[in-house]
Amino acid sequence: MTAAARSYSPRPITEPQRKAIFAAARQRGMSTDDVRALCPKGSVSMLSSLEASRVLDRLNGKTDDDRSRRTKRRKSGARDVTRMISSDQLAYIDKLRICMGWTKRHMGEHLDAKHYKSDPSRKMSVMQSSPDAVAVIEHLRKIATRKLHFHGVNLGMRKADEPNVKELPAMMRVLPPHDALIELFTERCGRWRTANPESDWAKWADAEAQASGRRTSCPTTCAEMARLIERMEAELFADPTLSAANEPDESDDDPPAVIAKIGGAR
C-alpha cells in the first residue's frame with residue numbers, strides 16, 4: 001500500500017448536506033431516529049460526503065445505488081427489518097388532518113378509499129411501516145396544499161396558478177382560517193367547554209403566548225387556529241381508554257374500525 005493510499009480518508013459530510021438531509025426528512029414527517037436508521041454508522045455527523053449524497057437521494061425518492069450492500073445482507077441471511085411508524089409521523093399526519101379541518105373519522109374514511117401506488121391492493125388507511133406513513137403524509141400534503149391554495153385564490157391573496165407543497169407552511173401562517181377549519185375549531189371549543197365546565201377557555205388559550213404578542217385566544221390565521229385545535233385535542237383525547245364502546249352516542253371521533261388501523265388513533 002502506498003503512503004498516499006494509507007493517508008487517504010473520505011471527505012466528511014458538509015454542512016449544506018447535513019441541513020438538506022434534515023430538511024428533506026422534516027418534509028416527510030420523519031424523526032431523527034428515522035434519519036439515523038438510513039446512516040451506515042447510525043449517525044449523520046459520521047457520514048462521508050458520498051454517503052450523505054446517497055442518504056439525501058433516498059430521502060428525495062431517488063434510486064438507491066447501494067444495491068451491493070443490500071444483496072450481501074440478503075445472502076448472509078440477515079433479516080431485513082422494516083422501520084416502524086414513528087410518533088413524529090403520526091403527529092404530522094394529525095397536523096395535516098387539522099390543517100384541512102377534518103375529524104379523525106373523516107380522514108379515516110378518506111384514506112380507506114385510497115390505495116398505495118406501490119401496492120394498489122392495500123388501502124392507505126392501513127399503515128404498517130414508516131414508508132407507508134411517508135406515502136400517507138405526501139398524499140395528505142398535496143390535498144392540504146390545494147385546499148389552502150384555492151382558499152387563498154378565492155380571497156384574492158394568491159395567484160391562480162398550480163399549488164406547490166413547499167408553500168404549505170407559509171400559507172398556514174398567512175391565510176385566514178377557511179370554513180372547514182373554523183367548523184372544526186367551533187366543535188372542539190364546544191367539546192372542551194363541556195369537558196371543563198368550571199374553566200375559562202380564553203384564559204386557558206392565552207396561557208400559551210404568541211410571539212407577536214397578540215392574544216392566542218383570538219386566532220387570525222390557519223396556523224394559529226390549528227395550534228389551538230391541537231392543544232384542545234391533546235386534552236380531549238388524552239384518555240386512551242375512550243372508545244365507541246363506552247360512549248353513549250357516536251361522534252366523528254369515535255371511529256369505525258378503519259381509523260383504528262391508523263396508529264391506534266381514535
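A: In this predicted model, Met232 touches Phe185, Arg188, Cys189, Trp192, Trp201 and Trp204, leaving out residues up to four places away in sequence. Met232 is also, with Leu140 and Trp201, among the residues that have the most contacts inside the largest nonpolar core, a set of 37 residues. The elements that give two or more residues to this core are helix 6 (87-100), helix 7 (104-112), helix 8 (130-154), helix 9 (168-174), helix 10 (179-195), helix 11 (201-206) and helix 12 (222-236). Helix 12 supplies the largest share, 7 residues. Apart from this core lies another, of 16 residues, including Ala25, Val35, Leu38 and Leu47.

Helix 12 itself can be checked for length. Its 15 residues should span 21 Å at 1.5 Å a residue, and its end C-alpha atoms are 21 Å apart, so the two agree. The buried residues of helix 12 are Cys222, Glu224, Met225, Ala226, Leu228, Ile229, Arg231, Met232, Glu233 and Leu236. These buried residues pack against helix 6, helix 7, helix 8, helix 9, helix 10 and helix 11. In soluble globular proteins, nonpolar side chains tend to be buried together.

Gln89 lies in helix 6. Gln89 counts as buried because its relative accessibility is 0%, and buried means under 20%. Setting aside neighbours within four places in sequence, Gln89 is in contact with Arg28, Gly29, Met30, Asp34, Met84, Ser130, Ala133, Val134 and Ile137.

Methods. Residues numbered from 1 in each chain as written. Predicted model: local features only at pLDDT ≥ 70, side-chain atom pairs only at ≥ 80, totals over all residues. Heavy atoms only, no water. Core = buried A, V, L, I, M, F, W, Y, C linked by side-chain atoms within 4.5 Å. Buried < 20%, exposed > 50% of the residue type's maximum accessible area, 1.4 Å probe, protein only. Helix = DSSP H or I, 4+ residues; strand = E, 2+ residues; numbered from the N terminus. Contact = heavy atoms within 4.5 Å. Expected span 1.5 Å × (residues − 1).
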